[in-house]
Amino acid sequence: MRTITNADVRRVFDRLADRYDSQMQAWERRLFPGSREWAVGQARGHVVEMAVGTGLNLPLYDAGTTVVGIELSERMLELARRRVAQAGLGERVELRQGDVQRLDLPDGVADTVVSTFTMCTIPDPRAAAREAYRVLKPGGRFVLAEHGPSSNPVVRAGMRLLEPLSVRFEADYLTRDPRPYLEQAGFAIESVARATSGISFRVLAVRP
C-alpha cells in the first residue's frame, strides 16, 4: 500500500472540499451518528482543533470555548472561514493553514485538542499525536472521534480489501487504530467507546 504525503492530502481535500460536507454527513448518519457532537461536547477552555476541514464542528462549540483550527487544504480553509463569518464566530475562532504534524503553536497552550475523522488521513499520525501532547497543558484532554478496524473479522477483511483504493483516491486509511498512536505519544487513555461493528471509535485521552 502506498504511503501518502502532505501533497497528496492537500490535493485530495482541495478536490473534495466542495462536496465534503454532504459526503461526511451521509457517512456520519450511517456509521457515526452523534460522534461529532459528542467530541465537541467534551471540549473545554482553549481548544486546538486538528484538521478543522470546512469547519463542521465550529458552530457546535460551547460559547465558553475559544478555538484555533488548523487545516492543510486551502480550499477547505476557505469554506471554514465562510462558515465562521456566517455564524458570527470570529471573536472565538481563529483559523490557520498549517500542518498538524508540526504545529506552529507554543507548548502547553491548549486545554483540549479535538480531532474528528482526521487521524485516518494524516501522513504521520504518530507525529500528530506527539504534537497534540506537546500543545496540551498537563491534565489537558485529547478528544478523538474516528473510524478504525472493525471488531467483526468479516467486515475488517472487507475494509482491508478496500483500503488501497481509499488511500489512493481519498488519502484515507480505513483500518488505522488510533489508540496506539496516543499511547506512544505519552497519553493516558481514559475511555474508549466503539460502535457500528467496532468501526466507530470515541476516545478520551489525557496528558498526565
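Buried means under 20% relative accessible area. The legends below use that cut-off for a predicted model.

**View 1. Phe187 is a buried residue.** Phe187 has 5% relative accessibility, so it counts as buried. Phe142 is buried too. Phe187 sits in the loop between helix H6 (179-185) and strand S6 (188-195).

**View 2. Tyr133 and Phe187 form an edge-to-face pair.** The ring centres lie 5.3 Å apart. The planes meet at 80°, so the pair is edge-to-face. Tyr133 belongs to helix H4 (residues 125-135). The two partners are 54 residues apart, and the pair links distant parts of the chain.

**View 3. Phe142 and Phe187 form a tilted pair.** Centre to centre, the rings are 5.5 Å apart, with 55° between the planes. Phe142 lies in strand S5 (residues 136-147). Ring pairs join Tyr133, Phe142 and Phe187 into a cluster. The whole structure holds four aromatic pairs.

**View 4. The largest pocket holds about 800 Å³ of space.** It is lined by 44 residues. Closest to the pocket centre are Phe117, Cys120, Thr121, His147 and Asp172. Helix H1 (6-31), strand S2 (66-71) and helix H5 (153-170) each give two or more residues to the lining. H1 gives the most, with nine residues.

**View 5. Residue types in the lining of the largest pocket.** The lining has 24 nonpolar residues. Another 14 are polar, and six are charged.

Notes. Residues are numbered from 1 along each chain as its sequence is written. This is a predicted model: local features need pLDDT of at least 70, side-chain atom pairs count only at pLDDT 80 or more; totals for chains, interfaces and linings use all residues. Side-chain values use heavy atoms; hydrogens and water are left out. On a 1 Å grid over the protein atoms alone, a cavity is a set of points where a 1.4 Å probe fits but cannot get out, and a pocket is an open set with protein on both sides within 12 Å along at least five of seven lines; lining residues have an atom within 4 Å of a point. Grid points are joined across faces, edges and corners, and a volume is the space filled by probe spheres set on the points. Helices (H or I, at least four residues) and strands (E, at least two) are DSSP runs, numbered from the N terminus. Ala, Val, Leu, Ile, Met, Phe, Trp, Tyr, Cys and Pro count as nonpolar, Asp, Glu, Lys and Arg as charged, and the others, Gly among them, as polar. Rings of Phe, Tyr and Trp (its six-membered ring) pair if their centres lie within 6.5 Å; planes under 30 degrees apart count as stacked, over 60 as edge-to-face and the rest as tilted. Buried means under 20% relative accessible area, exposed over 50%, partly exposed in between (1.4 Å probe, protein chains only).
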